[in-house]
Amino acid sequence: METVDTSSRLARLRELMRREKVDVYVVPSEDAHSSEYICAADARRAFISGFTGSAGCAIVTQEKAALSTDGRYFNQAARQLDNNWELLKQGLPDVPTWQEWVAQQVEGGKSVGVDATVITAQQAKGLETRIKKKGGTGLLGISNNLIDEVWGADRPSRPNNPVMVLDEKYSGKEFPLKIEAVRKELENKKSPGFVVSMLDEIAWLFNLRGTDIPYNPVFFSYAFISPESTTLYIDPSKLDEKAIAHLGSAVKICPYHAIFDEIVLMAQVFKAGQPETDPGTSEDGGKWLVSNKTSWALSKALGGEDSIEVIRSPLEEEKAVKNDTEKEGMKRCHIRDGAALTEYFAWLEDELLKGASIDEVQAADKLEKIRSRGENFMGLSFDTISSTGPNAAVIHYKPEAGNCSVIDPKAIYLCDSGAQYLDGTTDTTRTLHFGEPTDMERKSYTLVLKGMIALDSAIFPKGTSGFALDILARQFLWSEGLDYRHGTGHGVGSFLNVHEGPFGIGTRIQYSEVALSPGMFVSNEPGYYEDGSFGIRIENIIMVKEVKTNHNFGDRPYFGFERVTMVPMCRKLIDVGLLTPAETEWLNSYHAEVFKKTHGFFEEDSLALNWLKRETTPI
């Protein structure tokens, strides 16, 4: 992770800010679709700041520059930012949010600018309120992105790859039925239409997949659904004959950028046809529906705040609850993926103990090669985190060829990796040691394991959120005065984004807003990290399911989790004396299941089979 000298980039940006009469310029991480992971052409915050993590916001004034990010990236940002930047460690006491930092800079009538396509309408409204409260002139939505001008000819070109049709044997539901569910929402809201801007929602809605963003099987597009019609805004060259036939007459195809002009016209026509109402009255319905992830630019094109209703996308919630086909696919692909990880760990241990020199990237490449032989493999689901020793303490570490460490068999090794398959998406983290771990490493690992088991074993009534369950995974670390600076669990898509909302398990307040429901797949990944020394994380994917209980207080269903990931824990790192009988029983039961479901993959691989037998032997 090298530091980039951003001096000349900032100087050029400040010139452009003076041209646009902007005193403060905001550079979010997201693209025009609020994507967490973006294509290279949209990595504007990384370009201007040098910080390459997936989350954060850069703010530049004529005198200062600040980068705000969360606890996953404190270590990485400190390494990558040069002396031009102030690091705002989000969530720590007395550290302002990026919105608060912006407001601190505007006293005396200063203005703030942002590309209106990369900030949501709700974010823009909240930011403008803060700005005006502090004496600023307001928030300007600038049509041309200033970072793109600074970047110039060196900016990567935007991908425009063909899309593929996802067969119903993997999707489990025809896309017209999904559209009809949206139309019922329009009918309930008396709305003239819904704008779909999130790329994974569009891919899921139409049973299409793409490769425009690395590791995320999505494609650049927008969609608009009215009571009478459905329009997909996409470069027509991305659609082959099969895709066109798949969409048929049910979907109108328009160019990608045409959505802005078309919805402006639709909004004007709709408004002209509405009856006059008395000033100050409020009509029920009659507003365009946009999700809380829709850009400020799209919201303004529809007529702004008075013409739209911001909702949590009905597609987001429906997509999160997998149908029977998706559930079975997710389970099957995790078994295949688990076998690939077992083969990899057995190979890696054998090579290291024989004295081989293997660096973090070489190891990650080997894992990808093993995975690629699996049925329905379509690629990785994110950059593999292959990290040895101190690098394992960098929560989202990304090894780079020529600038990474050789794996030390005498140190902790953390591997967080996942893959995309036609029938599902995987994400697994295992922490291993190939030598003799220290007492602190074993204790830390066992405390993390105890938290993972506690969450996996939870039973809870309908209506419970991941916010309420988070403490189960942290309790044993907390008892020792330890913790970790990331969420405990995120939703996982089905051959879609590895991070999927709107639910999760963690301390973020939004996780209290959506209850866990049967059919949701979520990660269970507590950890512990000592900067400069080691890092530990254990991650399984689990599925929410209904369970039977002896009683039924409140006449509500009760839910629990089904284990999906099938990879052994590291026996060498477990302090058995810290486990309760119930935890030992859980571990033995899990390992028995792992062996039963994966040993058949190793009929001709004695190395992997022997490793699997050793790691799953009851304790």
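1. Is Val 165 buried or exposed? Val 165 has 15% relative accessibility, so this residue counts as buried (buried is under 20% relative accessible area, exposed over 50%, partly exposed in between, with a 1.4 Å probe and protein chains only). Val 165 belongs to strand S7, residues 164-165. Helices (H or I, at least four residues) and strands (E, at least two) are DSSP runs, numbered from the N terminus. Apart from neighbours within four places in sequence, Val 165 touches Asn 207, Leu 208, Lys 242, Ala 243 and His 246, where contact means heavy atoms within 4.5 Å. Val 310 is 145 residues away from Val 165 along the chain, and their C-alpha atoms are 30 Å apart.

2. On the basis of the note: the model is predicted, with local features needing pLDDT of at least 70 and side-chain atom pairs counting only at pLDDT 80 or more, while totals for chains, interfaces and linings use all residues. Residues are numbered from 1 along each chain as its sequence is written, and side-chain values use heavy atoms, with hydrogens and water left out.

3. The chain as a whole. There are 19 helices and 28 strands in the chain. Its radius of gyration is 25 Å, close to the 25 Å that the globule rule gives for 619 residues, so the chain is as compact as a globular protein of that length. That radius is taken over C-alpha atoms, and the rule is 2.2 Å times the number of residues to the power 0.38. The C-alpha trace spans about 75 × 55 × 50 Å along its principal axes. Buried residues make up 55% of the 619. Of the contacts in the chain with a separation of 6 or more, 70% are between residues 24 or more positions apart.

4. An open sheet. Six strands form it in the order S4-S3-S2-S1-S5-S6, with mixed pairing; two strands pair if DSSP finds at least two bridges between them. Strands S4 (86-89) and S6 (138-142) are at the edges with a single partner strand each, so one side of each has no neighbour in the sheet. From one strand to the next the twist averages 25°, with axes fitted as lines to C-alpha atoms, for helices over the stretch in contact, and angles running from 0 to 180 degrees between N-to-C directions.

5. Strands S1 (residues 24-28) and S5 (residues 111-115) run parallel and are joined by 2 bridges. Opposite Tyr 25 stands Gly 113 in S5. Helix H1 (residues 7-19) packs on the sheet and touches S1, S2 (57-61) and S3 (65-69), its direction making about 65° with that of S2. Helix H5 (residues 121-133) also packs on the sheet, touching S5 and S6, at about 140° to the direction of S6.

6. Aromatic rings. The count is 17 aromatic pairs, where rings of Phe, Tyr and Trp (its six-membered ring) pair if their centres lie within 6.5 Å; planes under 30 degrees apart are stacked, over 60 edge-to-face and the rest tilted. Tyr 344 and Phe 345 form a tilted pair, 5.3 Å centre to centre with 45° between the planes. Tyr 344 is buried at 0% relative accessibility, as is Phe 345 at 1%. Trp 586 and Tyr 590 have ring centres 5.2 Å apart and planes at 15°, so this pair is stacked. Both are buried.
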